[in-house]
Amino acid sequence: MVCKTIREIIVEAEKKYGDGDAIRYKIRKNEIERKSYTQLKEDSERFSAALEKLGERGSHVALTGATSYQWLTAYLGITGSAGVAVPLDVSLPAEELCELIDRADATVFVYDELRADAAALAKERCPKLRYLISMQAEEEEDGVKSMPELLAAQQPGFSCEINPDSLCTIMFTSGTTGKSKGVMLTHRNLAENATCLDMKIPERSVTLTVLPIHHAYCLSMDILKGLSLGTVICINDSLMRVAKNIKLFEPNMMLMVPLMIETLARKLEEASLLPAAVVKAKVFGKQFHTIYSGGAYLNPAYIDLFEKYGISILQGYGMTECSPVISTNLSWCIKKDSVGKLMPNCEAKTVDNELWVRGSSVMQGYYKMPEETAEALKDGWLATGDLGYADEDGYVFLTGRKKNLIITKNGENVSPEELENKLGEQRLVQEILVREKEGVIEAEIFPDYEYAKKKRIGDMQEALQKVIDEYNQGAPAYKKIYRLKVRETEFEKTPSKKIKRF
Amino acid sequence: MLEKLKEIIMNYVEVKEEAITPEARFMEDLGFTSFDFMSMLGEIEDEFDVEVDQQKAADIRTVGEAVEYLEQLSKEA
């Protein structure tokens, strides 16, 4: 069934799967808490009612935390009351979180206690915020509302009219100019992306969700699609414990990024002298059968390797701006070297070698960024920034990238310009180029040798490494620079005096 | 501690044992990905029967720092 709003997904799922488990998560070592579809729907309605009581129905609500039952309740509650959820990366520095809260015009900030630091800073830095809500605080304190208290004070049953074409989520993604852009997605964008394709996933399958929840891929595929199929969604509490949690929750399938697939491939190969079925049972359990891969390019050799162990890897392609899935491989229709068949709600064409797509999952635009929106959206078509085409049967083939964005193996997009601008502020750095090399981010720097002479800097490598170390300290893991190359000559320039990237 | 850690490290990356010195950096010198590193921490929890604090572990860059952190955890346990 194709749903048009997020609210419709949870309402329909609850009708069908009511008392069945929707969410499972660890509360103590090896102790699992379960929440049914009815509980999830009712708690989300309580959260909607609480927002209405606060006078915040329809408001922009920023949300940060690791994946949790509380996060999901809040997200469904915000979108279920015609509000706009703004999921933010829990690993961002507090200053950046505050900047995004402000830029998204959020008036409420719901946060995991892990980020109490960001909440404290937001009180000072975000004048538009009217309420702070802690997901765990047992009672209201210092002007911070308690989510358990808010929920306990409300009854389930909240419902309101939701226009499928109204904005429901703003997701921030790296911009090529260095400033992150708020991708505006409507209910229809997300709900149809999650429900328009019958992937023949058996109802009530068990999944383990391991990707960050502020990513469109995780939100759409793991959560929204999962809920629409009555899936039992198990929450992985830490990337450190994926292997342990696979044994604990016994999932049938998982959504992953290539980085994880590579590590798990080594686990499989470690025991390759044993029969394949035994190895598979040891690493994933007998019940496991499918990995969905997205976020970045996956070397096809891994697909063959996992096949040996009876595990299918289905690769998809997409971007946040398309809610996010554009194409996906299915076990019964695969073309080698293609990143899958276009979603039924998506069409494609090629313009100057660049892939353009159109359909009900294409975003409304970038929040309050008309120029960037005009660059990306042309007459309803989304210019993907990827070079490629769709063949006559609708299979997508990619040949390269038009933009400078670095896409790391864990699916994070990093703008090299953002890092270049930050490091370029250092007096010692005259010219800098940031790029991806052999899976890590590398910075090549042409230092200001005159300045170095004045300051009597002897060891340039050491001095620049110090600059990088200082930058790394404040940067989230995926934006850290792991390699440094020092130049003795200036970079080659284009006629417009820009550094030649390639 | 270092010897046991060396064994675990070699399950994740293909490096010679001699390369695993206290000064060796996990990502830059040994070729760990961020997910390799996280998975290794999980294995360390089991092997050494300790509970690793993810935030603190994120600051570990070298093998020597990892040994130091583990020794501290073992003392607390």
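This is a predicted model: local features need pLDDT of at least 70, side-chain atom pairs count only at pLDDT 80 or more; totals for chains, interfaces and linings use all residues.
Chain A has 502 residues, for which a compact globule would have a radius of gyration near 23 Å; the value for chain A is 23 Å, so the two agree. Along the principal axes, the C-alpha atoms of chain A fill a box of roughly 70 × 60 × 50 Å. The secondary structure of chain A consists of 16 helices and 27 strands. Of its 502 residues, 46% count as buried. Among the contacts in chain A with a sequence separation of 6 or more, 64% join residues 24 or more positions apart.

One element of chain A to look at is helix α3, which covers residues 69-79. Here 11 of the 11 residues are buried, so α3(A) is largely enclosed by the rest of the structure. The buried residues include the aromatic side chains of A:Y69, A:W71 and A:Y75. Also in this buried set are A:Q70, A:T73, A:G77 and A:T79, as well as A:L72, A:A74, A:L76 and A:I78.

Part of the surroundings of α3(A) is helix α2 of chain A, residues 37-53. The two helices pack at an angle of about 60°, and their axes are 7 Å apart. Angles of 65 to 115 degrees would count as roughly perpendicular and those under 35 as roughly parallel, so α2(A) is oblique to α3(A). Their crossing is right-handed. From α2(A), the residues that take part are A:L40, A:D43, A:S44, A:F47, A:S48 and A:L51. On the α3(A) side they meet A:L72, A:T73, A:A74, A:L76, A:G77 and A:I78. Sorted by class, the residues of this contact are seven nonpolar, four polar and one charged.

Chain B comes next. Its secondary structure amounts to four helices and zero strands, giving the pattern α-α-α-α along the sequence. For its 77 residues a compact globule would have a radius of gyration near 11 Å, and chain B agrees because its own value is 11 Å. The C-alpha trace of chain B spans about 30 × 20 × 20 Å along its principal axes. Buried residues make up 26% of the 77 in chain B. Of the contacts in chain B with a separation of 6 or more, 55% are between residues 24 or more positions apart.

Within chain B, helix α1 (residues 2-12) packs against helix α2 (residues 34-48). Their axes come within 10 Å and cross at roughly 140°. An angle has to be over 145 degrees to count as roughly antiparallel, so α1(B) is oblique to α2(B). The crossing of α1(B) and α2(B) is right-handed. In α1(B) the residues involved are B:K4, B:I8 and B:Y12; they meet B:D36, B:M40, B:E43, B:I44 and B:E47 of α2(B). This contact is made up of four nonpolar, no polar and four charged residues.

The last topic is the contact between the chains. Chain A contributes 19 residues to it and chain B contributes 16. On the side of chain A that touches chain B, helices α9 (242-249) and α10 (258-270) each supply at least two residues. Helix α10(A) gives the most to that side, with five residues. By class, the side of chain A that touches chain B has nine nonpolar, four polar and six charged residues.

Notes. Residues are numbered from 1 along each chain as its sequence is written. Chains are lettered from A and ligands numbered from 1 in the order in which they are written. The radius of gyration is taken over C-alpha atoms; the globule rule is 2.2 Å times the number of residues to the power 0.38. A residue is buried if 20 or more other C-beta atoms lie within 10 Å of its own, exposed if 12 or fewer, and partly exposed in between; C-beta atoms are placed from the backbone. Two residues are in contact if their C-beta atoms, placed from the backbone, lie within 7 Å. Axes are lines fitted to C-alpha atoms, for helices over the stretch in contact, and angles run from 0 to 180 degrees between N-to-C directions. A crossing is left-handed if the near helix is turned anticlockwise from the far one by less than a right angle, and right-handed if clockwise. Ala, Val, Leu, Ile, Met, Phe, Trp, Tyr, Cys and Pro count as nonpolar, Asp, Glu, Lys and Arg as charged, and the others, Gly among them, as polar.
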